[in-house]
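Trainee: I am new to this structure and would like to go through it with you. Could we begin with the domains and then move on to other topics?
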Amino acid sequence: MADMALSGVKVLDLTHHVAGPFCTKTLADYGADVIKIERPGSGDPARSMGPFQGDDPHPEKSGLFFYLNTNKRGVTLNLKTPTGREIFKELVKGADVLVESFRPHVMPGLGLSYEEMKKVNPGLVMSSVTSFGQTGPYAEYKATEMVIYGMGGAMVNTGQPEREPVSYGVPTAVYHGGRVAAVGVMGALFGAKVHGGGEHVDVSVMETLLNSVDRRISALLAYEYSGEFNPGRESQSGGYCNGYFPCQDGYFCMAANGPIMFPRLLKMMGNPEELSDPAFLTPQGQTDPGMRDLFEAVVLNWAIEYTREQIVQMAEKNGLICGAVSTMEDVDTDRHFNARGMFADIEHPVMGTVRSLGRPFTMSETPWAVRRPAPLLGQHNAEVYGELGYAQDDLVKLHETGVI
Amino acid sequence: MGKLPLEGIRIVDFTVVIAGPSGTAKLADLGAEVIRVESIQEIGTGARIQRAKWNREQVKNQPIQRRQFPDGDPGQRPWNRSAGFNAHARNKLCMTVDLKKPEGKDILTKLVAKSDVVIENHATDYMEYKGLTYEWLKAIKEDIIYVRMPGFGTWGPYSKWRTFGSTAESQAGRSFLSGYKDMDATEIPWVFPADAGAGASAAFAIIAALYYRHRTGKGQLVDLALAENILTYLGAPFLDYTMNGRVAQNPGNRHEYAAPHGCYPAYGQDRWVNITVTNDEEWEGFCKALGNPAWTKDPKFADAARRWENQDELDQHIIAWTKERPPYDIFHLLQTFDVPAGPVMDVKDCYNDPHLEARQWFETVTHPEIERPMRSPGMFFKYKENPIRVRRHSPRLGEDNEYVYKKLLGFSEAEYKDLEAKGHIGMDYAPHVP
């Protein structure tokens, strides 16, 4: 296997759900040896979350688990037993990184706090990824995607003025939290490597969102500076020329606002007479409701003749900011994403071949790679515990006594 | 306290708008010397401010989100007083150079020779036009790490498109999955997690590349397309399509199987609370929190499947309860019963929030051209052993010219003055800049 960016980095993964696993997935995808540690029997709760292959709710057929845990090895370990915790400490001794996502009282309750881990391995980078962080009055509170987005993100400004705020829909905030957690881990890991010394990284998904999903960070400081803020859900797009519009086979998105883009749009549409009034180029004109209705009627009339593919090609020729509104089906056949190698066919012992997503970015010397599919529950027990010196009959005993 | 992780790493920062600067902010916070390369001859693509000249009247006429000067006053140098820029530029440095002039490229060459990383997020042809390719950089410094973040990547069928986060996300399928469940795609909200998402991945890519270089001595080129990065958040709906042929639709505020799951009106003007009950234990906790009202015992809500089927009716009962109570009261009460719930917070709520206060998340920053210290957004994550924090205010335009030109690049006093006269060095935009 080619040398990858994080080859040789050993990560113990106690995370579950999305944010933590997405953090460790990012590390695994670029070469780290991530050992996912699951509780014996049921494993990570994500195993019981869909989408399931063939809608069969089998713990080895969860698409969500498959996606989040590709490239990781998997073991079972019962941290509620003293023997389990001793074995865990043996693993910690040889690890570079530990990532966990329990509520803050859990690891100390098990005798596995950062202070305890530091005694076992002074150079360890431990990262705790939670909704609200390790300290503060909300530290033990529970959050889901929508709850944490409503608190850390700009949900209050999202949607329509007369209606309730609307969330991202599919989980997005927790993925962002997981990616920022990976930055926190990577920073501490680099520091440990170059300057020495371990670290406890405290990631609050709420704080990763404040900082700065959707201009939140700017909106915060703008309030401190000016005393003003956007209280509700008035349009944020800056003008009706920025938005989503219907066409022959679906919808497209464009940002045609302003003195540079609007003329390009007009040119693309063959300079329609109805939009020739120079008032359309002014900031007031581009937010005026009457002019908006006229604009939308003209665009609709024009766009209904063309497919998304035709429109994006015309937009490219005219230098207009534009993209199709794609479904997952469109993405699967998208000519750019396919040409760029954005998809990966991955072999899994139970699921067979699964067409999955590829790399978030490319690295010219150390490319992203699929080294292994998501692990079956306890799949690498013999291998990983064997590396610690446990023989097969030791493992049988540990299994029978509920340790693994 | 020891060294910060990226102390000693120098990053040449050409980033603009949100995605790039959000990434370099993380690196600057981690101790890297992030040098923003700007010009006093032009504003550029919304790097620091929309335009140089402002008066109070113009500020008042802006939509609220653009009135981002202290007390509405743009001051002598508005470009140093904009919240939009100052929010993410903490801990960074700023030098000015005019890359359109012949000496500009030479100055940049000298800077790259002493740097570890170069990062940009312009349209693909912008950097090529300026001659700033990976090959050019590598010839100056063999082990340079170069990160490029255009909307769709540096090559491929869409690589020449003009893009914003909005169009990158819509092509990548995220936009279709958002918005109210009962509305069509024309009402997709204008929000873009792709920008900050790309920034996070850029920061990760840079540190991973530095880690590899520390081991092998080799640099490399990173190609990070906004559209591709946000696509990697969509593993679940993508696999539902490839495995099962199901094309995901936007769920709005509802969930595929959990109920109640929604954003409910609370007591107060435009006040809301999110309540999400994901299992039977949480449902029991929820009922207890409400005092076990009779309606919760209706057979229609007896199990998770039925609650999901009847959630329209369920939501009506909940609204009747929530609208009488302020969002924070609901939040704390439900959390006491282990139910995931939370207020929908506005920026004022954030500044008043007791948790963020206890976490000391906001940091007080003083700035040489802002009349009072400002409580500013803090760190992306916390370190216990070697804490990271705001070490310096966001740089003024050209604030670090003396340091970069004289100390770092070794220009003499006479050469410095000459470059000032030629329009490279300064702290004010040239008079012709609008």
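Trainee: How many Å separate the centres of domain 1 and domain 2 of chain A?
Mentor: This is a predicted model. In it, the centres of domain 1 of chain A and domain 2 of chain A, taken over C-alpha atoms, are separated by 43 Å.

Trainee: Which residues does the assignment give to each domain of chain A?
Mentor: Domain 1 of chain A takes in 10-213 + 371-400, and domain 2 of chain A covers 242-332.

Trainee: And what is the domain assignment of chain B?
Mentor: For chain B, domain 1 is 10-232 + 360-421 and domain 2 is 261-346. Their C-alpha centres lie 42 Å apart.

Trainee: What does the secondary structure of each chain come to?
Mentor: Chain A has 16 helices and 12 strands, while chain B has 18 helices and 12 strands.

Trainee: What about the box that the C-alpha atoms of chain A fill?
Mentor: Taken along the principal axes, that box is roughly 85 × 50 × 40 Å for chain A. The C-alpha trace of chain B spans about 85 × 50 × 45 Å along its principal axes.

Trainee: How many of the residues count as buried in chain A, as a percentage?
Mentor: In chain A, 57% of the 404 residues count as buried. In chain B, buried residues make up 56% of the 434 residues.

Trainee: Let us take one residue. Where does Val11(A) lie?
Mentor: Val11(A) lies in strand E1 (residues 10-14) of chain A.

Trainee: Why does Val11(A) count as buried?
Mentor: Val11(A) counts as buried because it has 25 C-beta neighbours inside 10 Å, and the cut-off for a buried residue is 20 or more.

Trainee: Which residues does Val11(A) touch, leaving out those up to four places away in sequence?
Mentor: Among them are Thr24(A), Leu27(A), Val34(A), Ile35(A), Val97(A) and Val99(A).

Trainee: Changing topic, what is the order of the three strands in the open sheet of chain A?
Mentor: The order is E7-E8-E9, and the pairing is antiparallel. The edge strands are E7 (242-247) and E9 (322-324) of chain A, each pairing on one side only. On average, neighbouring strands of this sheet are turned by 25° against each other, direction ignored.

Trainee: How many bridges pair E8 with E9(A)?
Mentor: Strand E8 (residues 250-255) of chain A and E9(A) pair over three bridges in the antiparallel sense. Phe252(A) stands opposite Ala324(A) in E9(A).

Trainee: Which helix packs on the sheet?
Mentor: Helix H12 (residues 308-318) of chain A packs on the sheet and touches E7, E8 and E9 of chain A. The direction of H12 makes about 160° with that of E9(A).

Trainee: Now the contact between the chains. How many residues does the contact take from chain B and from chain A?
Mentor: The contact takes 130 residues from chain B and 130 residues from chain A. On the side of chain B that touches chain A, H8(B) gives the largest share, 15 residues. By class, that side of chain B has 71 nonpolar, 40 polar and 19 charged residues.

Trainee: Which strands form the open sheet of seven strands?
Mentor: In order, they are E12(A)-E6(B)-E5(B)-E4(B)-E1(B)-E2(B)-E3(B), with mixed pairing. The edge strands are E12 (362-363) of chain A and E3 (93-96) of chain B.

Trainee: How many bridges pair E12(A) with E6 of chain B?
Mentor: E12(A) and strand E6 (residues 220-223) of chain B pair over two bridges in the antiparallel sense. Thr362(A) has Asp223(B) as its bridge partner in E6(B).

Trainee: And what joins E6 of chain A to E12 of chain B?
Mentor: Two bridges join strand E6 (residues 199-204) of chain A to strand E12 (residues 382-383) of chain B, and these strands run antiparallel. Val201(A) stands opposite Tyr383(B) in E12(B).

Trainee: Finally, is helix H1 of chain B mostly covered or uncovered?
Mentor: Helix H1 (residues 19-29) of chain B is mostly covered, with 11 of its 11 residues buried. What covers the buried residues of H1(B) includes helix H7 (173-195) of chain A, together with elements of chain B including strand E1 (10-13) and helix H8 (193-216). H1(B) is followed by Gly31(B), whose phi is positive, near 105°.

How values were computed:
Residues are numbered from 1 along each chain as its sequence is written. Chains are lettered from A and ligands numbered from 1 in the order in which they are written. This is a predicted model: local features need pLDDT of at least 70, side-chain atom pairs count only at pLDDT 80 or more; totals for chains, interfaces and linings use all residues. A residue is buried if 20 or more other C-beta atoms lie within 10 Å of its own, exposed if 12 or fewer, and partly exposed in between; C-beta atoms are placed from the backbone. Helices (H or I, at least four residues) and strands (E, at least two) are DSSP runs, numbered from the N terminus. Two residues are in contact if their C-beta atoms, placed from the backbone, lie within 7 Å. Two strands pair if DSSP finds at least two bridges between them. Axes are lines fitted to C-alpha atoms, for helices over the stretch in contact, and angles run from 0 to 180 degrees between N-to-C directions. Domain bounds come from an automatic or database domain assignment. Ala, Val, Leu, Ile, Met, Phe, Trp, Tyr, Cys and Pro count as nonpolar, Asp, Glu, Lys and Arg as charged, and the others, Gly among them, as polar.
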